[in-house]
Amino acid sequence: MSEPEVFFVELNGVPTRVWRKGSGPRIGFLAGFGGLPRWIPFLDRLAERRTVVVPSLPGFPGGGRGHAQLDDHLDWVLAARRLVGLAGLDGADLVGSSVGGALAAEVAAIWPETVRRLALIAPFGLFDEAEPPADPWAQRADAVPALLCADPENWRRLKAPPEGADAIEWPIEQTRASEAAARFLWPLGNTRLAKRLPLIQAPTLLLWGEQDRVMPRSYAARFARAIAGPSETRLVPGAGHLAELDRPDEVAAAILAWTA
Amino acid sequence: MKLMWFHLMPYTELPDDFREKHPSVWVDIHSSLFDPKRAHRMYNDFMDELEYAAECGFDAICVNEHHSNGYGLMPSPNLIAAALARRTRETPICVMGNSLALYNPPTRVAEEFAMIDVISGGRLIAGFPVGTPMDTCYAYGQNPSMLRERYLEAHDLVIRAWTETETFAFNGRFNQQRYVNIWPRPVQKPHPPVWIPGGGSVETWRWCAEMDYVYCYLSYYGYKAGKAIMDGFWAEMDRLGKDRNPYRAGFLQFVGVAETRAQAMELYREPAEYFYGRCLHVDGRWATPPGYMTEATQRAGLSSQVARAAGADSTLGKGTQERFAGTAKDMQGIVERGYVVVGSPDEVAEQLREVAKSLNVGHFMLLLQFGNMGKELTRYNTRLFAEKVMPQLRDLFSDWEDRWWPKPMGRAERALPADFVAAPQALAAE
């Protein structure tokens, strides 16, 4: 696993990290809950066949304190749209997981020409009272890894401070990622995305970890029903909410096939 | 110094096995535990106790705000304060306070506090807490990432609503109101004294200094844990060139007085263990929601000497879970760690004198009712404190002026609520 190329774009005056690796047609990735404090194998799998481009979401690792100036949903959606453009992803395929999935769906709905083909991994954005998603911000600390990944070790590996990391700033950055997601989604994760799903024309792949303990599997059908473009739903065995962490090969293969 | 009598209004009948059978006293405490007819008694007892404290000569009576909480039955302290305003004559009423970000529009707070100030003839102390995570983010669904900004903006709006004489438009980041013009206006000018309960964040200290507000450290863990926080506060005041007027600060302390220390240990064991064992049993799920704590405070919690000096009971930079986990829950530990000051009147007076001097705190907010303490014991504790402890503390800090105390209307100007008690009897006699 080699390191990606790193560059920064300025979003609302905040230098925002973008990773790029590989060659071939571009494909973008908007990260899920917790963000990407480090490069992950899933992105390498994509980079084997494509130019994978990963802009950090505001407040997520690499996104500085960009979340602090986003006060409402319009601010968030515009930030996501601008990030896609600044990262050079206009018209490319777009993948969004979890929190990033909710934003990728908005971009595809409101600016249809921006997204060629779309892949969503257990996206946030809907809420059904009869079957609510888990509340990721109301968890005992020791319960979080198993909530987000089928194998809790995968979450722990994502979040473990690398050698030489700042012992104070590293944990603050991880809390900030959770705060940024909360700023966007608190308290229910319901962004009223349901109203805009019928605007999505892009062919959409819906990926869901079979052991997702955050987002009920039935939500996949809600997405599939509401999206205007053709869609396909695939369960990922052995994967939890952040399926790209639990099953990087399978998730990447499905996406590569969908966007081929 | 000022000795203020504070009521949390705890539900006093949580079951013995509460800790084992129920995950939390807060947020998702089960409704089956609440008996409205029992609570009818509790509210009335509690209000009797507050009124009794006023009768006994405490400098102020204090109430506060909590939501979905088994140890705090005042979602609206303003309702209680309004009732107290009618049933007391002289005693200032400290509402500690209204969590500003929870009110939409926040002018509601300006209005209700103005009403209390007018009804009471200018006896209100206006407390503005941010509010705990449990109250604000979970029970009230406020976004933790925006809570503080909303709080500060709401504060600005309330102060302007109190002080501006013309109708104005408020064009805030979170609040927009075309016509702000509250009616009634507070008696106290420019506005009632503002007190800020806070944790140990340096931003809050600086803000209190800048605004000339009283900073209150309201921890349930007593003077030993509070020492480092108050030291930090005074060090910051020094840095900012502010004087060490002890009336800049308030401090919460549980107290149990009896004839002897042994008797006090016996009398207050049950209510203290009830409070620390059941009332503070909060599920770790309601740990600090992300963004509730500023990054500066997280940094301080992770790195600073202050947190270490404050020791195990420090709240600095800690989430709810961490805070409640390591605390003492048995009477011995509760007293040893200073959560509750117990003893004979002389012993309590001596200890509190030391605490006040060492923390340099001019306003003590005393919890003389706590946990499931009944009305009789509460009266006993209150009276004994008023008669035997208070006189020994009164002279403290007499060379300082308390610029943050209510300035009521003159006695002659104030209304006297009518006394109708005799009327029905007179009618019945006819």
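Reader: Where is V27(B) found?

Author: V27(B) belongs to a loop of chain B. Helices (H or I, at least four residues) and strands (E, at least two) are DSSP runs, numbered from the N terminus. The loop holding V27(B) lies between α1 and α2 (36–56).

Reader: From what pLDDT do local features count in this predicted model?

Author: Residues are numbered from 1 along each chain as written, chains are lettered from A and ligands numbered from 1 in written order, and side-chain values use heavy atoms, leaving out hydrogens and water. This is a predicted model: totals for chains, interfaces and linings use all residues, side-chain atom pairs count only at pLDDT 80 or more, and local features need pLDDT of at least 70.

Reader: What is the phi of V27(B)?

Author: Most residues other than glycine have a negative phi. V27(B) is not a glycine, yet its phi is positive. The value is about 75°.

Reader: What is the phi of A122(A), and where does this residue lie?

Author: A122(A) is also a residue other than glycine with a positive phi, near 40°. Look for A122(A) in chain A, in a loop that has β6 (115–121) on one side.

Reader: Is A122(A) buried or exposed?

Author: Buried means under 20% relative accessible area, exposed over 50%, and partly exposed in between (1.4 Å probe, protein chains only). A122(A) has 0% relative accessibility, so it counts as buried.

Reader: Is the peptide bond from M96(B) to G97(B) cis or trans?

Author: Most peptide bonds are trans. From M96(B) to G97(B), omega is near 10°. G97(B) itself is in the loop between β3 (93–95) and α4 of chain B. The bond from M96(B) to G97(B) is cis.

Reader: What is omega for the bond that joins N104(B) and P105(B)?

Author: P105(B) has its place in the loop between β3 and α4 of chain B. A cis peptide bond links P105(B) to N104(B). Its omega is about 0°.

Reader: Why does T12(B) count as buried?

Author: T12(B) sits in the loop between β1 (2–6) and α1 (18–21) of chain B. T12(B) counts as buried because its relative accessibility is 16%.

Reader: Which residues does T12(B) touch?

Author: Contact means heavy atoms within 4.5 Å. Residues up to four places away in sequence are not counted for T12(B). The residues that T12(B) touches are M42(B), F46(B), Y274(B), Q369(B), G371(B) and N372(B).

Reader: Which residues are in contact with A114(B)?

Author: A114(B) is part of helix α4 (residues 107–119) of chain B. Its relative accessible area is 0%, so A114(B) is buried. Neighbours within four places in sequence are left aside here. The contacts of A114(B) are W162(B), I182(B), P184(B), R185(B) and P186(B).

Reader: What distance separates the C-alpha atoms of A114(B) and V187(B)?

Author: Along the chain, A114(B) and V187(B) are 73 residues apart. Their C-alpha atoms are separated by 7.5 Å.

Reader: What distance separates the C-alpha atoms of D71(A) and R234(A)?

Author: These residues are 163 apart along the chain. The C-alpha atoms of D71(A) and R234(A) are separated by 34 Å.

Reader: Which residues are in contact with R81(A)?

Author: R81(A) is found in helix α2 of chain A. At 18% relative accessibility, R81(A) counts as buried. Beyond neighbours within four places in sequence, R81(A) is in contact with D90(A), V107(A), W111(A) and T114(A).

Reader: How far apart are the axes of α14(B) and α15(B)?

Author: Axes are lines fitted to C-alpha atoms, for helices over the stretch in contact, and angles run from 0 to 180 degrees between N-to-C directions. Helix α14 (residues 345–359) of chain B packs on α15(B) at about 45°. The axes of α14(B) and α15(B) are 9 Å apart.

Reader: At what angle do α9(B) and α15(B) pack?

Author: Helix α9 (residues 261–279) and helix α15 (residues 375–393) belong to chain B, and their axes are 12 Å apart. The contact involves Q263(B), L267(B), Y268(B) and P271(B) of α9(B) with L377(B), Y380(B) and N381(B) of α15(B). The angle is about 135°.
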